[in-house]
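We'll walk through the pockets, then the charged pairs, then the rings.

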Amino acid sequence: MRAPVTSGPEVSLQDMFAQSTAVITQPSVATFERYEKRGGLQSAFIYVMVAAVVSALIAALFSFFHSDVTFFGQLFSRLITIPVQFLIFTGAVYLIGGSLFKGTGTYPEVAYTFALFFVPLSIIGTIIGIIPILGWLVSFVISLVMIYFGYLAVQSSMNLREQVPAIATLVLAGIANFAVGLVLLALF
């Protein structure tokens, strides 16, 4: 039987930014391991909300340059979809990694570990994404970098050190996230 999900310790945004800097500049399972227990679910969610707010504000401000979107549509859609997709994806990593591959991490560890790279990379992607052509290329590169960091985060947060279970967890979580997203899109 899996342990109940507990939130864990909470840390400041300044601490999370410093930890993100370490994770991004020194990418390794050991670096993720160093920080995975320093924050909890609440810290991860607050940090992801920072990314959602930044993305929402940038998208809303640049909506005036696009005829097919609105200011409030961009603002509210990003404030809702970014944290919801993050929670669905990290939840899938936790459930799949634990159920199928006997990973031993907790959900707060998964959420916090993923937040440490997701937030800064998504903010960078949003800022650079406003530049025509270059934005698409940089977004693609950031997506690849996020996959790599996700692989390291799965190994660390779910304690899945072997390549195949870690990669399979990440791929299956991506498929689950996509499927749940389609269902939610159909419902709303």
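The lining of the largest pocket sorts by class into 23 nonpolar, 16 polar and 2 charged residues; here Ala, Val, Leu, Ile, Met, Phe, Trp, Tyr, Cys and Pro count as nonpolar, Asp, Glu, Lys and Arg as charged, and the others, Gly among them, as polar. This is a predicted model, so local features need pLDDT of at least 70 and side-chain atom pairs count only at pLDDT 80 or more, while totals for chains, interfaces and linings use all residues. Residues are numbered from 1 along each chain as its sequence is written, and side-chain values use heavy atoms, with hydrogens and water left out.

Back to that pocket: its volume is about 1300 Å³. A pocket, on a 1 Å grid over the protein atoms alone, is an open set of points where a 1.4 Å probe fits, with protein on both sides within 12 Å along at least five of seven lines; lining residues have an atom within 4 Å of a point. Points are joined across faces, edges and corners, and the volume is the space filled by probe spheres set on them. Of the 41 lining residues, R78, S122, G125, T126 and S139 are the closest to the centre. Two or more residues come from each of α3, α4, α5, α6 and α7, and α5 gives the largest share, 9 residues. (Helices are DSSP runs of H or I, at least four residues, numbered from the N terminus.)

The second largest pocket comes in at about 420 Å³. Its lining includes I80, V84, N177, F178 and F188. Both α4 and α7 supply at least two residues, with the largest share, 6 residues, coming from α7. By class, this lining has 8 nonpolar, 4 polar and no charged residues.

Now for the charges. How many salt bridges does the structure hold? There are 3, each being a side-chain nitrogen of Lys or Arg within 4 Å of a carboxyl oxygen of Asp or Glu. E33 and R161 make one of them, at 2.7 Å from N to O. E33 sits in helix α2 (residues 29–35) and R161 in the loop between α6 (134–157) and α7 (163–187), so this pair ties together parts that are 128 residues apart in sequence.

K37, E36 and E109 are linked in a network of salt bridges. K37 meets E109 with the closest N and O atoms 2.4 Å apart. The K37 and E36 side chains meet at 3.9 Å, N to O. Is K37 buried or exposed? K37 is exposed, at 54% relative accessible area, whereas E36 is buried at 2% and E109 at 9%; buried means under 20%, exposed over 50% and partly exposed in between (1.4 Å probe, protein chains only).

Last, the rings. The structure holds 12 aromatic pairs: rings of Phe, Tyr and Trp (its six-membered ring) pair if their centres lie within 6.5 Å, and planes under 30 degrees apart count as stacked, over 60 as edge-to-face and the rest as tilted. F71 and F72 are edge-to-face, at 5.0 Å centre to centre and 85 degrees between the planes. F71 is partly exposed at 26%, and F72 is exposed at 52%. Y94 and Y107 have ring centres 5.9 Å apart and planes at 65 degrees, so they too are edge-to-face. Y94 lies in helix α4 (residues 71–99) and Y107 in helix α5 (residues 107–129), so the pair ties together parts 13 residues apart in sequence. Y94 is buried at 9%, and Y107 is buried at 10%. Ring pairs also join F32, F89, F114, F117, Y148 and F149 into a cluster.
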